[in-house]
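Have a look at the structure first, then read on.

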Amino acid sequence: MPDQADYILGRDYCASVRLNAQHACWVETLGYLLHPSIPLAIGNPEGLSIIDVGTGTGTWLLSVYQQLEAPFKQLVGADISDAQFPHNTWLPEKVKLITLDALDPNGPPEELRGQFDIVNARYLCGLVRGRPDPLIDFFSKLVKPGGYLQWSEPYNFDLGIESVGEPTEGLDYMVSKLSDMLDWAWLDLSDKDMKPFGFGIIAMQRREPHPWQRRWLLENWCMLMDELAPRLGWSVEKTRVMNQKAVVEAERGNYIKVKLQNIVARKNGSAQVENRDC
Ligand SMILES: C[S@@+](CC[C@H](N)C(=O)[O-])C[C@H]1O[C@@H](n2cnc3c(N)ncnc32)[C@H](O)[C@@H]1O
């Protein structure tokens with residue numbers, strides 16, 4: 001299997017639990033698995049073809065299979081590593097998980113090109129180095145003309161802290177580490193970024209988690225910090241202490257202001273923007 005060299009997160013059981021919990025949180029925040037501007041009736045009479053790029057544990061794709069009332073032709077989850085996949089004999093008949101490198105300039109393979117009504121991508125920020133163009137190009141090659149891209153990322157560009165009027169040392173540490181670890185400026189995607197690849201943005205949302213999710217999300221991020229510390233050379237001991245402080249601060253009502261961004265773009269579609277509620 002491809003090694004870990006370029007991937008900043010882990011793929012052990014803690015990493016999988018973190019991703020699955022985060023999935024539940026994000027779906028509740030957004031209120032859907034697929035943005036309502038994406039019609040489920042698209043596609044040919046055989047049903048929809050959907051691919052989830054960087055699928056991880058496959059949790060989004062398997063929720064789509066279970067919860068959306070649509071005829072499916074195929075549901076494909078693709079990831080550079082199969083380390084977090086459920087065993088293939090445990091998957092529903094129309095769900096297939098495959099390995100594939102979304103940054104391969106010669107990809108995707110011929111048999112996947114132009115095959116999908118919907119391309120989903122979520123939380124691939126760790127793959128972006130500077131500009132997201134290689135990823136957008138890859139998505140564009142997968143989607144059929146008139147098909148859709150849904151792309152969700154944490155909008156970590158402007159993380160802030162809402163304090164109840166007291167020092168927030170643990171939350172401050174977390175915000176500074178998460179803000180500095182990647183260049184987030186590319187998240188402000190517009191039609192200018194998408195058009196060269198044949199996409200027009202049709203919806204863009206930035207949603208804050210519900211207040212009752214704040215502690216849940218914070219604890220998920222503590223797991224993320226634990227995972228990142230040894231990989232990014234942060235002090236493991238300090239990170240653990242700061243995480244514990246952050247949880248106590250959250251218990252007292254302090255929280256990190258974060259938004260989840262979801263962009264829907266249509267291949268060769270209209271560039272009219274709906275639901276721009278950010
Ligand atoms: C943060 S996880 C997100 C998983 C999933 N999309 C979710 O939201 O639960 C990022 C995923 O991208 C995958 N990944 C990393 N580099 C990749 C590449 N070059 N091509 C495809 N997938 C990649 C990782 O293996 C990991 O499963």
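**Spaces and helix packing**

With four residues, α6 gives the most to the lining of the largest cavity. Please keep in mind that this is a predicted model.

**The largest cavity**

- The space in the largest cavity comes to about 110 Å³.
- Its lining is made up of E208, P209, R214, L217, L218, W221, Y255, I256, K257 and V258.
- Besides α6, the strand β8 (255-257) is an element that supplies at least two residues of this lining.
- Sorted by class, the lining of the largest cavity holds seven nonpolar and three charged residues, and no polar ones.

**The second largest cavity**

- How many cavities of 30 Å³ or more does a search of the whole structure find? There are two.
- The second largest cavity has a volume of about 60 Å³.
- Around the second largest cavity you will find W26, V27, L30, Y32, L33, W60, N120, R122, Q150 and S152.
- Three elements, α1, β4 (116-122) and β5 (143-154), each supply at least two residues of that lining, and α1 gives the most, with three residues.
- The class count for the second largest cavity is six nonpolar, three polar and one charged.

**The largest pocket**

- The largest pocket holds about 810 Å³ of space.
- It is lined by 44 residues, and the closest to its centre are Y7, Y123, L124, G126 and L127.
- At least two lining residues come from each of α1 (13-30), β1 (48-53), α2 (59-67), β2 (72-79), α4 (169-181) and α6 (214-232).
- Which element gives the most to the lining of the largest pocket? That is α6, with four residues.
- By class, the pocket lining divides into 27 nonpolar, nine polar and eight charged residues.

**Helices α6 and α7**

- Two packed helices are described by the angle between their axes and the distance between the axes.
- For α6 and α7, the packing angle is about 175 degrees and the axes are 9 Å apart.
- An angle over 145 degrees counts as roughly antiparallel, and α6 and α7 are therefore roughly antiparallel to each other.
- On the α6 side, the contact is made by R215, L218, E219, C222, M225, D226, A229 and P230.
- On the α7 side, the contact is made by V236, T239, R240, N243, A246, V247, A250 and E251.
- The contact of α6 with α7 has nine nonpolar, two polar and five charged residues.

**Helices α4 and α7**

- The axes of α4 and α7 (residues 236-251) come within 7 Å and cross at roughly 120 degrees.
- The crossing of α4 and α7 is left-handed.
- From α4, the residues E169, G170, L171, Y173 and M174 meet K238, T239, M242, N243, K245, A246 and E249 in α7.
- By class, the contact of α4 with α7 has five nonpolar, three polar and four charged residues.

Note on methods: Residues numbered from 1 in each chain as written. Predicted model: local features only at pLDDT ≥ 70, side-chain atom pairs only at ≥ 80, totals over all residues. Heavy atoms only, no water. 1 Å grid on protein atoms, 1.4 Å probe; cavity = no way out; pocket = protein on both sides within 12 Å on 5 of 7 lines; lining within 4 Å. Points joined across faces, edges and corners; volume = space filled by probe spheres on them. Nonpolar A, V, L, I, M, F, W, Y, C, P; charged D, E, K, R; others polar. Axes fitted to C-alpha atoms, helices over the stretch in contact; angles between N-to-C directions. Left-handed = near helix turned anticlockwise from the far one by under 90°. Contact = heavy atoms within 4.5 Å. Parallel < 35°, antiparallel > 145°, perpendicular 65-115°, else oblique.
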